[in-house]
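Me: I have a structure open and would like to go through it with you. Could we begin with how far it can be trusted and then turn to the side chains?

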Amino acid sequence: MTTFAQNLSSRHNQANTRDLGALPSVEYDLVRTHVFASFVTLVISVVFGITVATKFSFPDFLGSHPWLTWGRLRYNHTQGIFFGWLGNAFLAFFYYAVPRLANRPVLSRKLGWLLFWIWNFAVILSGWVLVAAGFSQPLEWAEFPLVVAAFVVLAFILMVFEFVLPFFRARPSDMYVSGWYIIGGIIFTMLAYPVGNVVPNLVPGARGAAFSGLWIHDAVGLFVTPFAVAIAYYVIPATTRRPIFSHFLSMVGFWVLFFTYPLNGTHHYVYSAIPMAAQKGAIVASAYLGMDVILVVTNLLLSLRGSSGLASRDVPLRFVWFGVVSYLVVSLQGSVQALMPVNRFIHFTDWVIGHSHLAMIGFASFIALGGIAHMWQRIPGTRYNERMMNWSFWLLAIGLTLMVTDLTIAGLVEAQVWQSSAPWIDSVRAVGSYWLVRTLSGLPILASFVLFWTALVTGPRSETVTSAVRPVAAEEIVAFENGSAAAHEFSWTGWLSHAHVVAFGAGVGFFALSFLVLAIIPGKELEHEIKRVAPVTMATLTASEQRGRVIYGREGCAYCHTEQVRSLAADVRRFGAPTEPWETKYDYPQLWGTRRIGPDLSREFNLHTPDWQLTHLFNPRLVVRDSVMPPYPWLFNGSANQPTQEGLDLLAYLQTLGRARQLSGFDQQALASSVQPETPDMAITGEPSARATPPAVPIAMMGGYSSSAPVLHPASEPADLQEEVSRGEMLFIRNCASCHGPAGKGDGKASASLLPKPANLTAARFSDQRLSSVLWNGVAGSAMPPWRQLPTEDLRAVIAYIQSLHVPGAASSTQDMTTLDMGKSLFAANCASCHGDTGAGNGSAAGALSPAPTNFHLKKPTQERAWDVLENGVPGTAMPPWRSQLNADERHALVTFVRSLYSPAQENSTQ
Amino acid sequence: MINLIVIAISAIMFALLLVWWRWPAFRAWIEAPKYSMLCQERRFDDQRDEAGNEPVVDGGHA
């Protein structure tokens, strides 16, 4: 039967004086194999993702083995989706579509199998194993180690031969837009991938981050997007049997995408230390990209005109349609969230995670699934279960919608808490339920993928699917014939016949321009700035600190903790002065991070004691009850106070964060000389200037003793006091009990590994002044942090509760003058140098001691506590045991004297 | 830098629109691939129909 299309094809041939010849061969084996590999890796990657999500709600889940820790699974989740799922799906599409688009077979079947083995075994499987074993890079979308990255580059070079060469044998003027996207995606990813993976290891800190930012966006813009759009442009006309709305618009969209996408990268580092010109350039390019996507999506949706019924009936087309709509939504969302007024609020939050899932599932995966389903029906001998495919679509749509909605709201909640002065852990608590919903939303998504796979191996074998679709409309044929003749004439006579070559050159030019304007020029500026202001005393990391940095990277710490304080008042208020470029001059690679589950760590130096850090690493919930940070027991020999060398190395690295800045006195120098760092405060009008904020005392962080701590007094009315005590108990259990124990006896879970031990709050009567000071400033030299980020009414309630814990000790048995005189004499001889003559903790040696000696007028130990201290000392402080130097009578006399300083009556006073 | 990006992309857009407006033959030329793609797709389908739904061209390289 001579078909309509054959007629059309024949006339087309005549018009173009070109013989299409025999159909090229198609490597269906490779299509099937890559589809199979894509689903195996997809399911594994999604299981990784669901496990990672589960750990937010149950942080100890699978937490005892390093291969299954959050950070490593997170790396493997995203790399698996990127290379395993999408990479294999795209390769399957290439084998199917390139012969059709180029009218040439792919270069070589053997090369195809070589590429398959390299991609799946040298890249994906090896990458997963190496990351799980602790060999990785802490670089977004570049987590596989460099040895794997080399195979990725090799694979892209092979792709050029396998898929791009066939197009070069055809005339560019005949090339359909999908072919352009395939060529562009392969070539530009091949160029961009080494830059994102290698350069940050050679160029440190802020300068390296400029390159990392490019790759973060290029991974989506030059790999995921072009191939997904290529599939959409292929499946829509192939299903509807109607040409796309406008090939001209499709080519405009194609070139603008390749012009602008590489220029977007730095929008991941808005308000950072990267020069503002580069940031603003990226923001403008993001706006252009949004406009381009509107153009592309409009063209794609107009290509479905008159076929809306088909889009609802044909499941593969429906997948593609959903992906196209998601493409519009996620791209506009991306353009908006690059804008400074939005970025300052939602960056680092779960909003961005929702955005990335909308991009990778809603856009790329939906279209890839549609492409696979479309191809599969047309591959000889395959099975296809439409009912199951339909279920897969709805499960995926429901799961994704739930996930993105949930994460978007969670991001807004986090942002709201971060804008306040509430403790960081409050933001974690606030989104706990959202994280649980996110985990649950992963289940229908996983089920959808399994159903999709099942749909490809069950059901009837493929039949002719083209009979149900309409032929090309008659009027369009006439137009096509006329157009072909004109096009033929035009293509060989006008100088614009070289338009594609010119455009390709422009694309390469813009690609190079992106590195020039967003990385190289800013890098030079940063280099100059660093040379100008970096303190000469800034030391490089020691070997132990450097090893700790590697451990920090391999465990994925940078994926929850940023190391960059942005030039925003909210950041400065919470974490301290904005990060200066020179602070990162030894960071190979940069560890700025793009997400905050935990607080920024740029100013960690001196904020926590080593015992707190080690306890926190061993099991974070020992010191922060509601923390979702994973435990790292493999860095210890069974307990928090027995760290391995790796544990010590990581501790050493954590204690370097912010060290150079603090030790150099950079902020004091800057203030004294009125020389403000050059990075401008990019806060919008009305935003309190980040630079104008005194940088030394971040209100919500540790450190920074304030002598102006207010003295907070609990309520005096019994009813009010009782209410305060009740509320204080709740706050105490939430924030204090992990160290001080639920009854305040200093026997919390963390107490075993903290030195000095947390105070037994029942063993002394604390004055309002003392408790206010401790809660406001913490206790230097101990793990006790300041809590002044809590509202004062909360602090007052905690004070009320702590004072309610005190049980007055037994009254002093004897207070005869002889004993008191003896005690006074012993105190003057042995204790006054630290505690002062009057026991006010102000002896001549007190200034050098940390923690400071007790002021007995503010902290009034019970008789039992005073006796115990004299017997055993206070480990972790300068207070020694006295039982070997003083006999029992002398110690008894000392206890009697010390208690006489505040007297039993005073012990129960509030002052 | 912003000016550079804006000018460059705007100039390219303007040039494309100018070509589109000035040379009608360009329109036909640039639109031709969307038809040839469909023709090619149909050729594959026809070949598959004629072969009785069997794998007719599965590989081809030695």
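Me: Where in chain A is confidence lowest, and where is it highest?
Reply: The lowest confidence falls in helix α1 (residues 4-15) of chain A, with a mean of 44. The highest is found in helix α4 (residues 109-132) of chain A, at 98.

Me: Which other stretches have a pLDDT under 50?
Reply: Residues 699-703 of chain A stay under 50, and the model has 19 contacts for them beyond four places in sequence. Residues 907-911 of chain A also stay under 50, with 22 such contacts in the model. Where pLDDT is low, the predicted coordinates should not be read in detail.

Me: Let us change topic to helix α6 of chain A. How far apart are its end C-alpha atoms?
Reply: They are 37 Å apart. This agrees with the 38 Å that the 26 residues of α6(A), residues 177-202, should span at 1.5 Å a residue.

Me: Where is the kink in it?
Reply: The kink in α6(A) lies at G196(A), shortly before the proline P200(A), and amounts to about 30°.

Me: And is α6(A) largely enclosed or open?
Reply: Of its 26 residues, 20 are buried, so α6(A) is largely enclosed by the rest of the structure.

Me: On to charges. How many salt bridges are there over all chains?
Reply: The count is 30 salt bridges over all chains. One of them joins D571(A) to R596(A), with the closest N and O atoms 2.9 Å apart. D571(A) belongs to helix α20 (residues 569-575) of chain A and R596(A) to the loop between α20 and α21, so the pair ties together parts that are 25 residues apart in sequence.

Me: Are those two buried or exposed?
Reply: D571(A) is buried, at a relative accessible area of 7%. R596(A) is buried too, at 2%.

Me: Which side chains does R727(A) meet in salt bridges?
Reply: R727(A) meets E723(A) at 3.8 Å, N to O, and D794(A) at 2.5 Å, N to O. The pair with D794(A) links distant parts of the chain, since D794(A) is in helix α28 (residues 792-805) of chain A and R727(A) is in helix α25, 67 residues apart.

Me: Why are R727(A) and E723(A) separated by about one helical turn?
Reply: They are 4 residues apart in helix α25 (residues 718-735) of chain A, which accounts for the separation of about one helical turn. An α-helix has 3.6 residues a turn, so residues three or four places apart point the same way.

Me: Which residues are linked in a network of salt bridges?
Reply: E27(A), D29(A), R32(A) and R109(A) are linked in this way.

Me: Finally, how many aromatic pairs does the structure hold?
Reply: There are 60 aromatic pairs over all chains. Among them, F319(A) and F366(A) form a tilted pair, 5.6 Å centre to centre with 40° between the planes. F319(A) lies in helix α11 (residues 315-338) and F366(A) in helix α13 (residues 350-378) of chain A, 47 residues apart. Both F319(A) and F366(A) are buried.

Me: Why is the pair of F319(A) and F393(A) edge-to-face?
Reply: The planes of F319(A) and F393(A) stand at 85°, with the ring centres 5.2 Å apart, so the pair is edge-to-face. F393(A) lies in helix α14 (residues 386-419) of chain A, 74 residues apart from F319(A).

Technical notes
Residues numbered from 1 in each chain as written. Chains lettered and ligands numbered in written order. Predicted model: local features only at pLDDT ≥ 70, side-chain atom pairs only at ≥ 80, totals over all residues. Heavy atoms only, no water. pLDDT = per-residue confidence, 0-100. Helix = DSSP H or I, 4+ residues; strand = E, 2+ residues; numbered from the N terminus. Contact = heavy atoms within 4.5 Å. Expected span 1.5 Å × (residues − 1). Bend = angle between axes of the 7 residues up to and from the residue. Buried < 20%, exposed > 50% of the residue type's maximum accessible area, 1.4 Å probe, protein only. Salt bridge = Lys/Arg side-chain N within 4 Å of Asp/Glu carboxyl O. Phe/Tyr/Trp six-rings, centres within 6.5 Å; stacked < 30°, edge-to-face > 60°.
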